[in-house]
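Subject: Structure handover

Hello,

Here is the structure I promised to pass on. Please open it alongside this message; my notes follow below.

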Amino acid sequence: MSPIHDRFTPLQRALHWLMAICILAMLFIGVGMVSTVRPDYLSLVSIHKPLGIVILVLALIRLVVRLTRGAPPLPASMPEPMKLAARLSHLAFYLLMIGLPLIGWGMLSAADYPVVVFGMHLPSILPHSNGLHTLLWNAHRTLALCFFALIVLHLAAALLHALVRRDGVFEAMAPWSKR
Amino acid sequence: MADRPTSNASTFRSLVLIAIVVIALVAAFAFTAGWLSPGRLTPAKIVNGLAPPGGAALGFRRNHAKGICFTGSFESNGGAAALSKAPMFAPGSYPVTGRFNLATADPKAPDATVRVRGLSLRIVAPNGSEWRTAMIDAPFFPVATPQAFYGLLQASANESDPDAMKNFIAAHPEFGTFVGWAGSAPWTASYAQDRYNSLNSFIFTNAAGEDQAVRWSFVPTAQPEAVSPDQLKAKGADFLAADITQRVQSAPQRWTLVVTVANPGDPTADPSKAWPEDRRKVDAGTLVVNAIEPEANGPCRDLNFDPTVLPSGMHVSDDPFPAARSAAYSVSFNRRTAEDKDYPRHPGGATP
């Protein structure tokens with residue numbers, strides 16, 4: 001078996017693990033900040049917004065890399081439904097990684113809050129509207145919880161590949177060299 | 001890579017390991033979200049605690065529910081530029097959207113029944129940065145911490161224990177001081193005669209990078225005229241809205257922004273403690289109220305006057321309230337904007 005094209009490129013693996021840390025941190029910060037009135041609230045919010053923009057930028061770079069460099073083929077031993085689940089989960093990840101930051105930004109715009117990240121005043125991307133704000137706020141919350149559920153499934157599946165199936169799928173994205 | 005056969009026992013161990021990882025991650029998430037900590041003071045609890053016995057008025061702010069919008073300008077004289085590099089402290093005129101309001105959860109409360117009045121402002125700089133502030137006319141806050149504020153809400157809603165409020169005051173003597181103010185301070189018959197205070201302390205940073213703890217007040221240029229509570233009760237339920245509308249129609253109304261600079265050691269973390277009167281005061285400019293608009297279709301209704309929306313040159317201090325207010329205001333905003341259809345849009349509704 002040739003280890004080279006069975007794996008994601010080093011850039012893809014670097015983006016995956018960097019974003020894994022950012023997104024998990026983001027989801028924990030999100031649920032943590034809305035459940036506290038302590039001064040941490042402001043610290044968490046002040047991380048949440050710029051980190052969301054960082055994730056958006058990384059996700060767009062990653063999408064371009066994925067479209068140009070592709071992904072290693074799934075092992076022939078994987079049953080078709082499992083392959084379909086894997087492909088759909090990747091699609092869902094890209095939609096969420098790009099969609100959630102945009103929904104958050106749009107939600108703040110629809111509430112007429114100034115959006116300031118890294119000292120920069122970002123433009124408002126939607127008009128001031130209670131209806132839009134409510135729609136996006138609900139979407140942001142629901143999709144974020146779905147994102148966490150998807151990550152849990154993804155992690156369980158990755159470990160299943162690594163520990164039980166041992167079919168090279170985990171190694172394709174593992175940060176270290178295979179041997 | 002060839003599949004390596006694995007024993008049933010090692011597969012089982014692997015599955016257990018995977019289950020442990022999944023459960024640990026989900027548990028950490030649930031803990032962070034507060035789902036495992038019913039005792040945590042969440043912004044939703046504070047907002048729930050503000051609701052009157054009959055439930056919150058849908059579509060309205062959960063506190064300071066009764067109010068009226070205005071537009072105007074902040075005419076900066078440059079006096080505070082040495083304290084803060086905030087763009088609206090450079091000399092000039094900056095547009096303002098604001099709201100006069102009453103500290104009640106009931107948008108239909110008669111004006112004479114509400115002791116505390118408020119002023120909320122959004123001041124916008126040409127670069128788009130904003131300074132939002134929500135102030136009240138009391139000279140100090142009723143309690144020292146957000147936790148105590150929640151305790152106050154619980155004590156005042158507690159009908160089963162007649163001593164609840166007495167016990168609360170015993171445990172929070174600062175609230176007794178506030179009750180004293182509420183009982184003895186003169187009332188006025190106009191929003192235009194009231195002085196509105198930030199109460200919370202903030203840090204101003206100037207162009208040289210020097211930090212300074214401050215509080216601020218908007219001091220009316222109209223002379224306050226004391227009116228007895230009985231005289232106020234004789235007026236209509238919405239006399240404040242009628243008064244300010246009529247005053248502004250005849251002439252713009254003005255307040256001076258006075259920034260009070262803390263001495264070293266002044267209590268910045270406790271808004272229930274006023275600073276001594278002799279502290280340095282800086283006249284920063286004038287708030288000019290040019291036009292009054294009823295809330296129903298006014299520009300202030302769907303704004304969240306979150307006191308942590310600050311321009312560069314201002315940030316929060318060790319005062320725990322701005323963070324708690326920001327968190328709670330956000331919950332109030334999210335709820336009322338979702339209840340848009342319940343808000344009486346047309347004149348003749350609950351707001352003047």
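Which residue stands opposite B:Gly118 in strand 3 of chain B? It is B:Asn101. Before the rest, one caution: this is a predicted model.

**Chain B overall**

Chain B has 352 residues, and 43% of them count as buried. Its secondary structure comes to eight helices and ten strands. Along the principal axes, the C-alpha atoms of chain B fill a box of roughly 90 × 55 × 45 Å. Take the contacts in chain B with a separation of 6 or more: 74% of them join residues 24 or more positions apart.

**Strands 2, 3 and 4 of chain B**

Back to the strand we started with. Strand 3 covers residues 117-124 of chain B, and seven of its eight residues are buried, so it is largely enclosed by the rest of the structure. Strand 3 pairs with strand 2 (residues 92-102) of chain B in the antiparallel sense, over seven bridges. Strand 3 also pairs with strand 4 (residues 130-136) of chain B, again antiparallel and over seven bridges. There, B:Arg122 has B:Arg132 in strand 4 as its bridge partner. Strands 3 and 4 of chain B form a hairpin, with five residues between them. Look at B:Gly128 in the turn: its phi is positive, about 90 degrees.

**Helix 2 of chain B**

Helix 2 of chain B runs over residues 43-50. Its buried residues are B:Pro43, B:Ile46, B:Val47, B:Gly49 and B:Leu50. An α-helix has 3.6 residues a turn, so residues three or four places apart point the same way. The buried residues of helix 2 pack against helix 3 (146-157) and helix 8 (321-338) of chain B.

B:Val248 is in helix 7 (residues 239-250) of chain B. B:Thr308 is 60 residues from B:Val248 along the chain, and their C-alpha atoms are separated by 29 Å.

B:Ile292 is also touched by B:Ile244. Other contacts of B:Ile244 include B:Ile68, B:Phe100 and B:Tyr191. The largest nonpolar core has 100 residues. A:Val37, B:Ile244 and B:Val259 have the most contacts inside it. Helix 3 (residues 80-110) of chain A gives the most to this core, with eight residues.

**Chain A and the interface**

How many residues of chain A are in contact with chain B? The count is 34, against 44 residues of chain B. Helix 1 (10-33), helix 2 (40-69) and helix 4 (130-165) of chain A each give two or more residues to this side of chain A. Helix 4 gives the most, with 13 residues. By class, this side of chain A has 19 nonpolar, eleven polar and four charged residues.

One item comes from a record. An unreviewed UniProt entry places "transmembrane region" at residues 14-35, 47-65, 86-108 and 142-164 of chain A. In the model, residues 14-35 of chain A are 91% helix, with end C-alpha atoms 32 Å apart. Residues 47-65 of chain A are 100% helix, with end C-alpha atoms 26 Å apart.

Best wishes

Methods. Residues numbered from 1 in each chain as written. Chains lettered and ligands numbered in written order. Predicted model: local features only at pLDDT ≥ 70, side-chain atom pairs only at ≥ 80, totals over all residues. Helix = DSSP H or I, 4+ residues; strand = E, 2+ residues; numbered from the N terminus. Buried ≥ 20, exposed ≤ 12 C-beta atoms within 10 Å, placed from the backbone. Contact = placed C-beta atoms within 7 Å. Nonpolar A, V, L, I, M, F, W, Y, C, P; charged D, E, K, R; others polar. UniProt positions renumbered as here; feature names shortened; annotations may be inferred. Core = buried A, V, L, I, M, F, W, Y, C linked by C-beta atoms within 7 Å. Pairing = 2+ DSSP bridges.
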